[in-house]
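Subject: A structure to look through

Dear colleague,

Please open it first, and then read the notes below beside it.

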Amino acid sequence: MLHGIKTTDASPALLSRQETLIDQRKNLHQQTQLLSKMPAVQSTAVVRPLTHKSPRDFGAVITGLDLENLSEADFALLYDTLYRYSVVVVKSKKDLSAEAQYQVTRRFDPESQTYGHGTTLDAKRSILHPDLKTVPRQPQVQIIGHGFIPSYEGLVNFQLRHPHHKTFHRDRIPEEDDRKYTRFYRWHIDAALYDLNPPRVTTLLAVSVPKGRRQIVRYDDGTGDELEVPLGTTAFVSGYEMYNRLSPEDREFVRTSRIEYAPHPYIWMSGGRSLPTGLGLYSEDRELPESELPPIESEKIKILPMLWKNPVTGQFALQIHPSAIRRIHRADGSTIDDLKTVRDIVYRLQRPAISPAYVYPHDWEEGDFVLFNNQGVLHTVVGAFADNEVRLFRQCNLSASTPPVGPDVD
Ligand SMILES: [Fe+2]
């Protein structure tokens with residue numbers, strides 16, 4: 001029983017809402033416990049906020065952390081920095097162990113232990129399938145990158161492929177311009193968005209990075225926007241800034257509405273084609289019908305708040321995965337079902353915050369260990385490598401033990 005409503009009499013949607021509220025309280029309780037364990041001893045590591053454009057509290061560099069043996073004081077600093085700056089670059093080493101990467105990632109959510117996409121990557125039709133290889137002895141850690149790798153983490157003679165926009169975008173940059181110009185591939189949150197909860201934190205380790213070239217991201221949406229970036233950058237935008245930039249009316253809309261994701265979204269969208277900004281899909285009826293998807297269990301469909309609460313600052317981030325959205329649930333109980341309308345609404349809300357001034361394109365150096373608040377930023381891979389440009393990274397995130405915490409709308 002919750003808020004005076006007998007669960008036995010409630011509709012499935014209401015039951016799901018009640019379970020979400022219970023889970024959210026568990027989440028707050030966990031986060032409070034994590035904070036209460038923070039030690040009095042000070043870390044000697046150094047935090048330096050990044051000095052790129054805006055917002056000012058977006059991105060920080062930490063030096064002096066030993067990620068293989070992270071003390072309580074160092075983790076406290078890392079935790080606090082992550083939630084205050086959203087993206088944290090730890091200057092580490094390229095041979096950091098996969099075990100250490102997993103343990104650091106898990107420390108943000110000790111009850112979690114499953115990779116963020118679970119086993120859904122086994123589905124051959126998922127658009128994520130070709131992009132990831134798993135570290136055999138630490139299956140929550142994935143190997144990503146580009147080019148031929150003779151030997152790494154117990155795997156030999158394998159090929160990695162950096163996602164190229166031509167495989168996902170409707171309109172391609174012409175071949176002759178492909179080295180100079182590029183696109184944001186796909187703005188996203190790392191999340192299965194079906195059954196599993198979105199991970200709290202993602203970690204990325206740069207093992208091998210081709211250097212020297214830069215490229216220009218073209219938005220090609222009629223604005224003339226462009227952004228010069230390092231080759232193979234990972235680009236981030238702040239969900240907090242995305243929310244802060246909204247009008248009072250739009251803030252109220254996102255505070256009180258929830259977003260429903262398609263079941264098996266990465267298979268569902270496999271025929272879809274991206275807008276040139278990488279911020280969602282064209283509506284061309286190319287999504288797979290439910291009859292062509294794996295069996296759907298309705299209780300596993302995700303209906304999430306649009307705003308997710310930061311456990312340290314209390315701020316809200318507008319967090320929507322634009323390619324996977326299916327419908328909007330409004331405060332009055334009605335739904336917006338037309339897919340194009342849903343996409344147009346979300347695009348209008350999100351587009352201002354991916355303008356060049358608000359994007360942080362990280363310039364990778366080997367040994368960089370980047371952690372980002374996956375419940376407070378959107379990110380995308382960028383760029384196109386030549387065949388002889390080898391990039392080797394490791395990625396880890398864990399399906400969260402609880403759903404993201406939304407605003408109190410009751
Ligand atoms: Fe990602």
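Which residues are buried in helix α3 (residues 98–107)? They are Ala-98, Gln-101, Tyr-102, Val-104 and Thr-105, and, seen down the axis of α3, these buried residues fall within an arc of 165°, so they line one face of the helix. That buried set packs against three strands, namely β5 (141–152), β8 (201–208) and β21 (391–397).

Before going further, please keep in mind that this is a predicted model. The mean pLDDT of the protein chain is 89, and 86% of its residues reach 70 or more. Over residues 1–15, however, the pLDDT is below 50, and this stretch has twelve contacts in the model beyond near neighbours in sequence. Where pLDDT is low, the predicted coordinates should not be read in detail.

In soluble globular proteins, nonpolar side chains tend to be buried together. Here the largest nonpolar core holds 86 residues, of which Val-87, Val-88 and Leu-318 touch the most other members, while helix α2 (residues 72–85) gives the most to this core, with seven residues. Apart from it lies another core, of six residues, and Tyr-102, Val-135, Ile-143 and Cys-396 are among them.

Val-342, Arg-343, Val-346, Leu-349 and Gln-350 are buried in α7, and because they fall within an arc of 130° when seen down the helix axis, they line one face of the helix. On the other side of α7, by contrast, Lys-340 and Arg-348 are exposed. The buried residues of α7 pack against the helices α4 (239–244) and α5 (248–256), and also against the strands β15 (316–318), β16 (325–329) and β17 (335–336).

Turning to the strands, β20 (residues 377–381) is mostly covered, since five of its five residues are buried. Val-377, His-379 and Val-381 point one way from β20, whereas Leu-378 and Thr-380 point the other way. Strand β11 (residues 234–238) runs antiparallel to β20 and is joined to it by five bridges, and one of the partners to look for is Val-377 in β20, which is bridged to Ser-238.

There is also an open sheet of three strands, in the order β7-β9-β10 and with mixed pairing. Its edge strands are β7 (181–182) and β10 (226–230), each of which pairs on one side only. Strand β9 (residues 214–218) pairs with β7 in the parallel sense over two bridges, and Tyr-181 stands opposite Ile-216 in β9.

Glu-153, in the loop between β5 and β6 (155–160), has a phi near 50°, a positive value in a residue other than glycine. Asp-285, in the loop between α6 (265–268) and β13 (303–305), also has a positive phi, of about 55°, although it is not a glycine.

With best wishes

Notes
Residues are numbered from 1 along each chain as its sequence is written. This is a predicted model: local features need pLDDT of at least 70, side-chain atom pairs count only at pLDDT 80 or more; totals for chains, interfaces and linings use all residues. pLDDT is the predictor's confidence in each residue, from 0 to 100. Two residues are in contact if their C-beta atoms, placed from the backbone, lie within 7 Å. A nonpolar core is a set of buried Ala, Val, Leu, Ile, Met, Phe, Trp, Tyr and Cys residues joined through C-beta atoms within 7 Å. A residue is buried if 20 or more other C-beta atoms lie within 10 Å of its own, exposed if 12 or fewer, and partly exposed in between; C-beta atoms are placed from the backbone. Helices (H or I, at least four residues) and strands (E, at least two) are DSSP runs, numbered from the N terminus. The arc is that of the directions from the helix axis to the C-beta atoms. Two strands pair if DSSP finds at least two bridges between them.
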